[in-house]
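Me: I'm new to this one. Can you walk me through it, piece by piece?

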Amino acid sequence: MVNDINRLATSLCGVELDNPVIPASGTFGFGYEMAEVYDIDILGSISIKGTTREARLGNPTPRIAECQSGLINSVGLQNPGIDKVISHELPLLRKCFHKPIIANISGFAIDEYAECCEKIDKEDQVAIIEVNVSCPNVHNGGMAFGTSAEAAAEVTRAVKAVTTKPVFIKLSPNVTDIVSIAKACEEAGADGITLINTLLGMRIDTMRRKPVIANKMGGFSGQAVFPVAVRMVYQVANACHIPVMGCGGVSSASDVIEMMMAGASAVQVGAESLRNPYACKEIIEALPAEMDRLHIEKLTDIIGIVK
């Protein structure tokens, strides 16, 4: 049997990871905050908090609504802006995390995506750029870029024109045909796809007769969305020829293996880290035993094994 490090190793577009477990953007801050809780160098990589061109205070409160087997959030991309992320957040992370990171970029117009991606592309520690196309297009009536194959492809082309590093497009599940959008991104030059972002959800305070969240609706995530994420990872991995990062409801080593069998080359952990700050660490530590139970020698052997 090969040693645990080699057993867990995977790669994304030539970026080598010790293991496939990655905290999802928006659930782990900029990473260094969690270094006070445990040694974050155990992680495969980190997808840092979504970054926009300008600093954002986010949406009005309340922003969080608890649900059975999940939660709804409407944080609103609160972040200090791309320049502050580069000058302040990344150097702090570099002190405690010594592996390649994934920079998550958001925007409300094509030129904003391109500008932010061009800037972050120059940072040595950033190995992969993850582009969140679930944002509303301010020049197209507020429709999210990721709900249209044409708009998602347009963002992809704009970003690829100004970057040198692998670009993963993070797609919204709030569509009727995820495959057509993923294929459009692939044809526009995307190096990979991240699936899924949050589903749209809502909770009502029945005593107050008002929505729980100030914004009324928000992104639903957590264990309840896992089957939807597995289905979309499976569909896209079988339709496209670029790697997929699986995300959505992952909460255990078993979930990581299931997601990889569906076709994911790496797996992000989101809402579970909010419920249990040690989630990623515990999943990584549990993977070898779960692999032994399922007679898996190396994780790379099972990527997309289910047809």
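Me: Where is Cys-13 placed?
Reply: In the loop between strand 1 (10–12) and strand 2 (15–17). Keep in mind that the model is predicted.

Me: What is phi of Cys-13 near?
Reply: Phi of Cys-13 is near 55°, which is a positive value in a residue other than glycine.

Me: Is Cys-13 buried or partly exposed?
Reply: Cys-13 counts as partly exposed, because its relative accessibility is 34%.

Me: And Lys-216, where does that lie?
Reply: Lys-216 is in the loop between strand 12 (210–211) and strand 13. Its phi is positive, about 75°, although Lys-216 is not a glycine. Lys-216 is partly exposed, with 49% relative accessible area.

Me: Which residue is found in strand 13?
Reply: Met-217 is found there, and the strand covers residues 217–221. Met-217 counts as partly exposed at 42% relative accessibility.

Me: What does Met-217 form with Leu-200, Met-202 and Ile-204?
Reply: A nonpolar patch on the surface; the four residues together have about 400 Å² of accessible area.

Me: Switching to the inside. Which residues touch the most other members of the largest nonpolar core?
Reply: Ile-40, Val-131 and Leu-171, in a core of 78 residues. Another core of ten residues lies apart from it, with Val-15, Ile-102, Met-245 and Ala-266 among them.

Me: What is Val-131 in contact with?
Reply: Leaving aside neighbours within four places in sequence, the contacts of Val-131 include Ile-105, Tyr-113, Cys-117, Val-155 and Phe-168.

Me: How many aromatic pairs are there?
Reply: The count comes to two aromatic pairs. In one of them, the ring centres of Tyr-113 and Phe-145 are 5.4 Å apart and the planes are at 85°, so the pair is edge-to-face.

Me: Which parts does that pair tie together?
Reply: Tyr-113 is in helix 3 (residues 110–120), while Phe-145 is in the loop between strand 7 (126–132) and helix 4 (149–160), so the pair ties together parts 32 residues apart in sequence. Tyr-113 is buried at 0% relative accessible area, and Phe-145 is buried at 1%.

Me: What about Ala-182, which helix is that in?
Reply: Helix 5, residues 178–187. Ala-182 counts as buried, at 0% relative accessibility. Not counting residues up to four places away in sequence, Ala-182 touches Leu-171, Ile-193, Val-236 and Cys-240.

Me: Last topic, cis peptide bonds. Which residues does one join, with omega about -5°?
Reply: Thr-61 and Pro-62. Pro-62 lies in the loop between strand 3 (21–23) and strand 4 (64–67). A cis peptide bond also joins Leu-195 and Ile-196, with omega about 5°.

Conventions:
Residues are numbered from 1 along each chain as its sequence is written. This is a predicted model: local features need pLDDT of at least 70, side-chain atom pairs count only at pLDDT 80 or more; totals for chains, interfaces and linings use all residues. Side-chain values use heavy atoms; hydrogens and water are left out. A nonpolar core is a set of buried Ala, Val, Leu, Ile, Met, Phe, Trp, Tyr and Cys residues joined through side-chain atoms within 4.5 Å. Buried means under 20% relative accessible area, exposed over 50%, partly exposed in between (1.4 Å probe, protein chains only). Contact means heavy atoms within 4.5 Å. Patches are made of residues with over 30% relative accessible area and no salt bridge: like charges are joined within 9 Å, nonpolar side chains (Val, Leu, Ile, Met, Phe, Trp, Tyr) within 5 Å. Accessible areas come from the Shrake-Rupley method with a 1.4 Å probe; for residues, only the protein chains shown count as cover. A salt bridge is a side-chain nitrogen of Lys or Arg within 4 Å of a carboxyl oxygen of Asp or Glu. Helices (H or I, at least four residues) and strands (E, at least two) are DSSP runs, numbered from the N terminus. Rings of Phe, Tyr and Trp (its six-membered ring) pair if their centres lie within 6.5 Å; planes under 30 degrees apart count as stacked, over 60 as edge-to-face and the rest as tilted.
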